[in-house]
Amino acid sequence: MKQAAVRICNAVKRYGTVTALHGVSLDIADNSFFTLLGPSGCGKTTLLRMIAGFEMATEGEILLFGRDIAALEPNLRPVNTVFQNYALFPHMSVLDNVAFGLKMKGVEPAARRDRAGRMLELVHLSSFADRRPSQLSGGQQQRVALARALAPEPKVLLLDEPLSALDLKLRQAMRVELKQLQEETGITFLFVTHDQDEALTMSDQIAVMSQGRVQQVGTAREIYESPVNRFVAEFIGETNIIEAQVTAVMGGKADVTLPWGQKLACALGNIRPGRHALSIRPERVVLAPDGELSATVERVVYLGSDLQLLVRLKDGGNLTVRLQNAARATVPDAGAIIRLKLEEGAARLLAD
């Protein structure tokens with residue numbers, strides 16, 4: 001098991017009568033890409049600012065490689081932060097921007113220029129060293145900000161939604177570059193975002209947050225395939241939420257009856273018999289002539305790589321179905337009667 005680069009122990013943050021964080025505890029492994037994911041106001045940026053030293057914890061501890069850093073000023077903490085706006089100095093060249101942090105640390109001019117040059121090479125901007133930030137695109141400015149933050153060799157790099165100002169294609173490209181940078185440098189990256197695609201694409205571990213609490217921690221696959229509650233299931237990707245009846249419980253499995261009468265065996269988790277929400281991802285519902293479920297297609301939505309079917313069940317309920325947009329795919333028209341079945345293990349019971 002990797003050493004914890006950052007350990008957060010029962011961290012609480014209050015602003016007067018408002019509690020922004022409720023007893024958050026996390027272990028962030030060294031040399032990993034860890035993401036705090038959640039909607040606006042969930043506490044993720046507050047937690048990042050507490051690690052950086054811009055906010056103080058009301059209660060609890062924050063440890064960096066086992067050392068309590070609560071008493072350290074922000075400039076004395078071995079972390080660096082990349083913000084949403086890159087805060088580059090407009091009067092300085094790209095090279096001087098990258099070298100600025102090293103200058104503040106008293107590094108000799110020759111050494112800091114060498115280090116800054118190597119950082120620009122790492123982010124593929126060596127040929128832009130003499131330009132001003134205003135002469136760069138948004139993506140290039142973002143890479144300069146990354147190089148500047150990496151130059152002093154922080155033990156942990158904090159990234160506060162650094163891709164939010166970029167257009168879609170550039171964001172997608174930068175996701176790959178960020179993950180490659182983390183792997184090449186071996187520095188722990190702590191990334192804050194509300195964008196689930198960013199989190200799923202880059203992260204070794206994801207902590208999903210809501211209302212100042214951590215809802216679930218796991219890999220991208222664990223978070224997507226096995227959400228622990230309704231919030232996580234609905235926030236990560238697209239899902240069908242169905243109210244189902246849990247009957248017999250035995251050996252870690254629960255017998256579940258769906259509204260249309262179909263019976264399934266589901267992994268139990270922390271759930272007792274009774275009515276519970278069930279999550280079924282749209283891509284796990286498939287067209288099948290022998291399917292147990294009859295439905296009427298209400299709408300077909302073209303999404304490029306996928307097709308989305310919005311269907312109405314005989315009992316009046318609704319389902320969303322996703323089909324791969326393959327050349328040979330037979331796509332039913334709106335109004336068509338189709339039969340569906342659930343893939344093995346498609347249904348996930350959710351805790352209340």
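1. Let me start with a pair of helices: H4 and H5 are roughly parallel to each other, because their angle falls under the 35 degrees that sets the limit for that label. Please keep in mind throughout that this is a predicted model. The axes of H4 and H5, the latter spanning residues 168-185, cross at roughly 20 degrees and come within 11 Å. Their crossing is right-handed.

2. Which residues make the contact between H4 and H5? On the H4 side they are Gly 139, Gln 142, Arg 143, Leu 146 and Leu 150. H5 answers with Leu 170, Met 174, Glu 177, Leu 178, Leu 181 and Thr 185.

3. While you are looking at H5, find Glu 183, which has its place in that helix. Glu 183 counts as exposed, because its relative accessibility of 52% is over the 50% cut-off. Its C-alpha is 7.7 Å from that of Asn 31, although Glu 183 and Asn 31 are 152 residues apart in sequence.

4. Now to the sheet. It is open and built from 6 strands with mixed pairing, in the order S6-S7-S8-S3-S9-S10. S6 (79-82) and S10 (213-218) are the edge strands; each has a single partner strand, so one side of each has no neighbour in the sheet. From one strand to the next, the twist averages 20 degrees.

5. S9 (residues 205-210) and S10 run antiparallel and are joined by 5 bridges. Within this part of the sheet, Val 208 stands opposite Gln 216 of S10.

6. Last, the cysteines. How many disulfides does the model have? The count comes to 0. Cys 42 is in no disulfide, and the nearest cysteine sulfur to it, belonging to Cys 9, is 20 Å away. Cys 42 has 1% relative accessibility and therefore counts as buried, the cut-off being under 20%. Cys 266, at 3% relative accessibility, counts as buried too.

Terms used:
Residues numbered from 1 in each chain as written. Predicted model: local features only at pLDDT ≥ 70, side-chain atom pairs only at ≥ 80, totals over all residues. Heavy atoms only, no water. Pairing = 2+ DSSP bridges. Helix = DSSP H or I, 4+ residues; strand = E, 2+ residues; numbered from the N terminus. Axes fitted to C-alpha atoms, helices over the stretch in contact; angles between N-to-C directions. Disulfide = S-S within 2.5 Å. Buried < 20%, exposed > 50% of the residue type's maximum accessible area, 1.4 Å probe, protein only. Parallel < 35°, antiparallel > 145°, perpendicular 65-115°, else oblique. Left-handed = near helix turned anticlockwise from the far one by under 90°. Contact = heavy atoms within 4.5 Å.
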